[in-house]
Amino acid sequence: MKPLIEFQQVCKYYHMGDTTVVAADHISFQIFQGEFVAIVGSSGSGKSTCMNIIGCLDVPSEGTYLLDGRDVGQMNKNELAEIRNELLGFIFQQYNLLPKLNLAENVEVPLMYAGVNKSERRRRALDSLDRVGLKEKWRHKPNQLSGGQQQRVSIARALAGNPAVILADEPTGALDSKTGREVLALLQNLHAAGNTVVLITHDNSIAVQAQRIIRLEDGQVVYDGPSDAPEAVVTPRAAGRTAGGGPG
Amino acid sequence: MNIVESLGLAVKNIISSKTRTLLTMLGIIIGVAAVIVIVGLGNGLEGYVTDSFSSMGTNTLTVSVMSRGSTRTLEVEDMYGIVAENSQYLDLCSPTASMMGSVKIGSDTTSTAATGVSEDYLSIKGYALSKGRGLQYSDILQRSRVCVVGAYVDQAYYGGNSVGQTLRVGGTSLTIVGVVEQQSDELEEGGTDDFLYLPYSTASRLSGRISTYTVTVQNEDTFAQSKEALENALYGVFESDDFYTVTSMAEILETMTNMINILVYVLAGIAAISLVVGGIGIMNIMLVSVTERTREIGIRKSLGAKERYVMEQFVIEAAVTSALGGAIGILLGYGLSAAATQVVTSVMDASLTVSPTFGAVLLAFGISVGIGIFFGYLPAKKAAALNPIDALHYD
């Protein structure tokens, strides 16, 4: 079986004046169709860089990223825009809905860029809103909804284009724990329905909801395995420090 | 995503910020309205001038003789001779002698202009008689004390019964033998219908030498040749071109029209500066809008908007804003033109219509859309080039 997402020795460097920051240091992993993977790490671990590269918002400085067998590193801006539209569904921490559009119109945005005609767009947008339980409110504007509802709209938007990968960047970060759990349950449902879900988070308690965890630290993969293994939530180095008496 | 949808999106954005859009459009509105009114005013002025001049006859040449200083003179008979010799070019001829003395009707001194003319003058002017007879060759020969008056004189002083009555020009009593048909819409003192024609021979006895002539050409198409023929003949008489001038209404009209046009172009150019300023206003607001909507641009790009779409969206928005401004400006321009017509007509007491030309309206609208696209391009380019990652995290 061919992997859906494949990182081969991916590196990303940022140049800040004279210094070069290594945000991703030879990262390699594969994610297959139907998996629910959490990419975990603290800030500065390189998880945002990974998310940007997986989301085709950025390209690797070195190494190869294959999405559905296609080499993203060789693509120009327009091809990246196309592939984002076609293969990826984004869920952001801040929902990132367009405030002037109603819910249906928000969900329609990626379909519009995909060239779907108006009536078909509306039909699919309402379908999608139905899946997150907000079909009745399609005429509302985002600011008339609670945070949890807005995040569900953004999930509906991610689903509308029927993407290969659903990429969720800290989807519960702005929510209280109860609505956060609801959103996570929704992601698990999507996974159960056969979707590939990649969750980016700094929070172990969120990450363990996934099936598999890829833990990053200082731009490197320090753990890649099932989420129910004990070492999944404790990094080797942190474990070492704990064994040595812990901080403070 | 097609153009219609982009347009819809642009209109939606414009509607959502009405005050700002209106202020942005103000420069364009004022510029377009100003251009339309100025071009309309020029157009009306040109029409007015053309009308007044063509009523004086565009097929006529006016000869002025300044015999002072010359040893040679041009008698009336010589002038008739010249016209007869050049009959392939020149048709009718009439001396015109303006009378200095005032016209007195009963005890009233009037502002009526008295002119000594030949029997052909009414034909030269294209005037027809409504009553009585015109001047005749015999009147010229006999230096008859008769005259023909305009409709105003007939109506205002004689209640329409002037034929057979007398009036005095410079102390000489003249009998009115005919009345010329009303020429203008309204009879007014000093107007087109307030005149008096007497035989030039009679006039010359009253006030001396005749020095101007009105000559008509055979064919307006050979106007230039006709004028040249007349000038050559006059040169033959005076052997110098210092002592006469030949002017034509057509030439004067052309000069006037050119001057009006230059004036209109200059004024319209100044008004058009407002369009440029308006365009810069649009660019400014679009740049602000790009900054404000950085996050929206980031979201759209992350959802698959290509640079072209983002660019399109902003350019169309700028173009729609300025086109809307242009449309409002056109309406305002028409409104102001109508108002200006009222004001000019009542102030100048003349029938001058400020009439915007279709061409000017089209041009103004085209320029305003063009300005929108031109000045919208830079902000749109800036928006399209935004990096989606940075744009998404912009606050």
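My entries follow, topic by topic.

**Ground rules.** I am reading a predicted model: local features need pLDDT of at least 70, side-chain atom pairs count only at pLDDT 80 or more, and totals for chains, interfaces and linings use all residues. Residues are numbered from 1 along each chain as its sequence is written, while chains are lettered from A and ligands numbered from 1 in the order in which they are written.

**The sheet in chain A.** I looked up the strand order and found 6-7-8-3-9-10, an open sheet of 6 strands with mixed pairing. Strands here are DSSP E runs of at least two residues, helices are H or I runs of at least four, and both are numbered from the N terminus. Two strands pair if DSSP finds at least two bridges between them. Which strands sit at the edges? They are strand 6 (88–91) and strand 10 (220–226) of chain A, each pairing on one side only.

I then checked one pair inside the sheet. Strand 3 (residues 36–40) and strand 9 (residues 212–217) of chain A run parallel, joined by 4 bridges. Val40(A) stands opposite Arg215(A) of strand 9. Helix 5 (residues 147–160) of chain A packs on the sheet and touches strand 6 and strand 7 (165–169) of chain A.

**A helix pair in chain B.** I picked helix 2 (residues 18–54) and helix 9 (residues 249–292) of chain B. Their axes come within 8 Å and cross at roughly 175°. Axes are lines fitted to C-alpha atoms, for helices over the stretch in contact, and angles run from 0 to 180 degrees between N-to-C directions. Helix 2 and helix 9 of chain B are therefore roughly antiparallel, a label for angles over 145 degrees. The residues of this contact divide into 25 nonpolar, 10 polar and 2 charged.

**The largest core.** I found 123 residues in the largest nonpolar core. Such a core joins buried Ala, Val, Leu, Ile, Met, Phe, Trp, Tyr and Cys residues through C-beta atoms within 7 Å; buried means 20 or more other C-beta atoms within 10 Å of a residue's own. Leu167(A), Val198(A), Val35(B) and Ile36(B) touch the most other members. Helix 2 of chain B gives the most to this core, with 13 residues.

**Where the chains meet.** Contact means C-beta atoms, placed from the backbone, within 7 Å.

Methods. Angles under 35 degrees count as roughly parallel, over 145 as roughly antiparallel, 65 to 115 as roughly perpendicular and the rest as oblique. Ala, Val, Leu, Ile, Met, Phe, Trp, Tyr, Cys and Pro count as nonpolar, Asp, Glu, Lys and Arg as charged, and the others, Gly among them, as polar. A residue is buried if 20 or more other C-beta atoms lie within 10 Å of its own, exposed if 12 or fewer, and partly exposed in between; C-beta atoms are placed from the backbone. Two residues are in contact if their C-beta atoms, placed from the backbone, lie within 7 Å.
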